[in-house]
Amino acid sequence: MKIDLHCHTKQIKKGDGKGRNVTPEIFREKISNANVKIVAITNHNAFLYEQYLELKKAVQDICLVCPGVEIDILGSNDKRFHLIVVANPENAELFNKKIAIMYNQKNLETCTFSLQDVYKNLNECDVIYIPHYHKTPSISEEDKEELQRIVGDRSRVFVELQDHRSMGVFANYDYNVLIGSDVKDWTKYEECHFSELRLPVENFSQFCLLAKRDKVIVDTLLNKKKTYNLIAKPYKTVKFPLTIYSDVNIIFGQKGTGKSEILKSLYESMQEQGITSVKYTGSDRDDDFKNLIKTNDMSQDLSKLGINDCAEVFTYLREWNDFSPTLFSKYLDWYRTKDNNTNKSRMKITESTYCSPFDSSSIKIHNDDYRNVKDSLKTISKIKIDDYLSKEKSETFKALFYELRDIIRCSLKEDLIEEQSIHMVNYSIEKIKTIADKNSDSVSKPSSTGFLNFALNRIKLKENSSIILKSLDAEQVNEREFLGELDEKGKLYINKKYRMLCSESKTAEFINGITYLRSLVDAIKQIYEEVFSDSVSKTLSTFNESLEENKIKTITPFLGLSKQIVLESGEVYKPSNGEKGILLLQKILKKEADAYFLDEPELGMGNSYIDTNIRPIISDLAKKRKVIVVATHNANIAVRTLPYLSIFRIHENGNYKTYIGNPFNDQLVNIDDDKDIKSWTDESLHTLEGGPEAFYERRDIYESKND
């Protein structure tokens with residue numbers, strides 16, 4: 001929940017600049033675009049009540065507007081600084097009157113007040129005080145202590161910083177810290193820095209109670225979040241109920257106290273409720289990464305390479321038989337006996353030859369076209385063409401399609417008739433010759449030398465073996481899937497490689513083993529090269545026996561599958577163990593799920609990376625109302641995420657204890673003894689690892705972000 005408690009809406013002093021002037025329309029647009037939910041109008045030395053009412057009305061449905069003022073203070077040693085005072089909106093009218101009295105007939109450019117003057121005039125308006133701190137002109141330590149003494153309630157005193165990166169440092173000293181837009185140009189309002197409340201509030205009073213760490217208000221705000229009742233099992237024989245939030249939930253504590261088991265049981269309990277959940281375990285990163293680059297999710301899909309499985313070709317090779325030319329002795333027999341029977345010699349058909357064989361390739365083409373047209377007609381019949389085309393165009397379209405089907409069918413019919421006619425003529429010639437030979441003491445002239453069929457049969461064998469070789473030569477295909485990013489390396493991808501068996505192929509790419517497949521490829525090449533030799537039949541027979549033995553009926557087993565991790569340039573990259581964890585964690589956190597369970601995600605990663613890269617992702621998931629449960633020893637995760645729930649495990653005096661709580665009221669309560677209470681801050685400091693800077697935010701309920 002973004003808040004802006006230092007916002008200018010009017011040029012008051014000479015140094016303000018006209019960019020601070022804003023209309024109600026622009027005010028609404030910019031507040032909405034920046035998604036600010038609480039804004040305080042704090043012009044220099046002035047409170048413009050009429051403008052306040054206009055702006056408040058302009059955003060009444062999207063933002064709470066508080067009255068405020070930025071006052072020039074003359075502190076100790078005559079040092080000037082700025083103090084922002086923000087009042088409860090319920091007291092806006094009283095605040096307006098008080099400001100009018102304070103600045104009556106004063107020069108707004110030069111007037112100053114003491115801290116005591118401000119407190120005396122404005123404190124009854126229910127206000128908070130925000131001096132500039134390490135932001136020019138800033139309050140001195142002496143004056144800050146004086147302000148806290150005068151106000152009495154430290155929760156009502158905040159400090160405003162120049163840079164959000166230093167907020168955590170000052171929170172270490174129990175300062176409530178803020179950063180405001182101090183907007184100078186409303187056209188660039190969305191680019192300003194804003195504070196962000198971890199627990200969203202509805203009004204000014206809730207904000208003040210939250211700053212005070214009021215337990216009732218903290219519990220009330222926490223309870224607005226969706227929760228899940230799960231069962232935690234630190235050990236098989238131990239279980240207890242836990243309520244976790246649709247936000248960040250942290251499990252931390254001493255080693256060996258069952259934190260990982262608790263996380264695992266919560267994950268399983270969440271899945272049992274039908275909630276989509278994902279899990280990452282830092283200690284399993286090596287095995288998980290190996291699984292990531294396995295090819296289990298890849299299919300031997302030849303269509304990716306633009307080829308088919310050559311099933312018909314393999315069938316042809318299995319069934320192929322050589323065709324022998326007509327023996328010369330048969331011509332000798334015919335010549336020696338041709339004059340033995342005068343009647344037969346007058347039957348010229350006994351000396352005729354076969355008609356030329358029909359090229360059946362056109363039949364296949366027409367048959368494929370006819371089948372495709374029929375399939376298309378079935379698909380078209382499911383489309384309500386009349387909804388897209390006029391009646392006239394629809395009828396023309398259908399008519400043309402049916403005409404195309406009929407033309408193809410006629411062509412197919414003509415080819416089939418011609419083929420069968422040639423077959424019947426040749427069959428008849430052979431039958432007549434057989435009958436004539438049987439009834440005469442002679443032998444008819446052979447119908448064919450057989451060389452044409454012999455040659456065509458060998459040529460067709462060469463063509464089919466060529467089809468396989470061309471398919472094996474298909475260009476490899478790569479499919480990239482984004483994996484994650486690494487500093488200095490940029491984006492990394494999982495490259496899925498599909499390629500037919502080649503000289504660069506590796507054994508792991510194939511199920512049946514690469515040596516055996518290479519021998520088959522060599523055999524195919526030998527068949528192709530020796531197709532007109534006497535040895536081709538033997539080579540083909542051996543090849544078919546090998547196919548049968550390994551039950552290979554298509555070219556699919558020759559498709560190799562592999563995965564590599566590659567850089568943007570395509571160069572193969574082998575991540576280190578730590579980088580594997582980074583990439584796997586990024587992948588898990590980017591998955592679409594309702595709940596994310598992370599077991600020691602920091603393993604193998606530096607604190608800087610965790611804080612800069614991983615923590616923001618966890619925080620963003622929390623804003624999307626996702627459940628995030630993290631078992632960790634790292635303070636950057638356990639502290640800076642400001643978890644809605646912290647689960648603390650210890651082993652003490654032979655007993656295991658579980659405490660639950662949060663950083664907002666700084667308590668951890670024993671689930672078996674509500675009188676046993678520990679400090680969230682103290683236990684975090686004692687237990688967690690990850691650099692002392694992480695603890696600088698341990699009491700800070702605000703997160704500042706650069707939008």
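In which helix is Lys30 found? In this predicted model, Lys30 belongs to helix H1, which spans residues 24-34.

- Setting aside residues up to four places away in sequence, Lys30 touches Trp186, Thr187, Tyr189 and Glu190.
- Asn35 sits in the loop that joins H1 to strand S2 (36-41).
- The phi angle of Asn35 is near 60°, which is a positive value in a residue other than glycine.
- Asn35 counts as partly exposed because its relative accessibility is 43%, between the limits of 20% and 50%.

**Helix H18 against helix H17**

- Helix H17 covers residues 514-529 and helix H18 covers residues 536-549; their axes come within 10 Å and cross at roughly 155°.
- H17 is therefore roughly antiparallel to H18, since angles over 145 degrees fall in that class.
- The crossing in which H17 passes H18 is left-handed.
- On the H17 side, the residues that meet H18 are Tyr516, Leu520, Ala523, Ile524, Gln526 and Ile527.
- On the H18 side, the residues that meet H17 are Val536, Thr539, Leu540, Phe543, Ser546 and Leu547.
- Sorted by class, this contact of H17 with H18 holds nine nonpolar residues, three polar residues and no charged residues.

**Helix H18 against helix H11**

- Helix H11 (residues 311-319) also packs on H18: the two axes come within 9 Å and cross at roughly 125°.
- H11 and H18 cross in a left-handed sense.
- H11 contributes Phe314, Leu317 and Arg318 to the contact, and H18 contributes Leu540, Phe543, Asn544, Leu547 and Glu548.
- By class, the contact of H11 with H18 comprises five nonpolar residues, one polar residue and two charged residues.
- Leu540, Phe543 and Leu547 of H18 take part in the contact with H17 and also in the contact with H11.

**Helix H7**

- Six of the eight residues of helix H7 (residues 204-211) are buried, and the helix is mostly covered.
- The buried residues of H7 are Phe204, Gln206, Phe207, Cys208, Leu210 and Ala211.
- The N-terminal end of H7 is capped by Asn203, with a side-chain oxygen lying 3.2 Å from the backbone nitrogen of Ser205.

**Ser679, between strand S21 and helix H22**

- Ser679 occupies the loop between strand S21 (673-678) and helix H22 (680-687).
- With a relative accessibility of 19%, Ser679 counts as buried, because the cut-off is under 20%.
- Ser679 and Gln667 are twelve residues apart in sequence, and their C-alpha atoms are 4.9 Å apart in space.
- Neighbours within four places in sequence aside, Ser679 is in contact with Asp666 and Leu668.
- The side chains of Ser679 and Asp666 make a polar contact at 3.5 Å.
- A polar atom of the Ser679 side chain also lies 3.1 Å from the backbone nitrogen of Asp682.

**Gly282, between strand S12 and helix H10**

- Gly282 is placed in the loop between strand S12 (277-281) and helix H10 (285-292).
- Gly282 counts as buried because its relative accessibility is 0%.
- Not counting residues up to four places away in sequence, Gly282 touches Asp599, Glu600 and Leu603.
- Gly282 and Val572 are 290 residues apart in sequence and 24 Å apart in space, C-alpha to C-alpha.

**Glu488, between strands S13 and S14**

- Glu488 lies in the loop between strand S13 (477-486) and strand S14 (490-500).
- Phi of Glu488 is near 75°, again a positive value in a residue other than glycine.
- Glu488 counts as exposed because its relative accessibility of 85% is over the 50% limit.

Terms used: Residues are numbered from 1 along each chain as its sequence is written. This is a predicted model: local features need pLDDT of at least 70, side-chain atom pairs count only at pLDDT 80 or more; totals for chains, interfaces and linings use all residues. Side-chain values use heavy atoms; hydrogens and water are left out. Axes are lines fitted to C-alpha atoms, for helices over the stretch in contact, and angles run from 0 to 180 degrees between N-to-C directions. Helices (H or I, at least four residues) and strands (E, at least two) are DSSP runs, numbered from the N terminus. Angles under 35 degrees count as roughly parallel, over 145 as roughly antiparallel, 65 to 115 as roughly perpendicular and the rest as oblique. A crossing is left-handed if the near helix is turned anticlockwise from the far one by less than a right angle, and right-handed if clockwise. Contact means heavy atoms within 4.5 Å. Ala, Val, Leu, Ile, Met, Phe, Trp, Tyr, Cys and Pro count as nonpolar, Asp, Glu, Lys and Arg as charged, and the others, Gly among them, as polar. Buried means under 20% relative accessible area, exposed over 50%, partly exposed in between (1.4 Å probe, protein chains only). A polar contact is a pair of N or O atoms within 3.5 Å; within protein, one must be able to donate a hydrogen and the other to accept it, and residues adjacent in sequence count only if both atoms are side-chain atoms.
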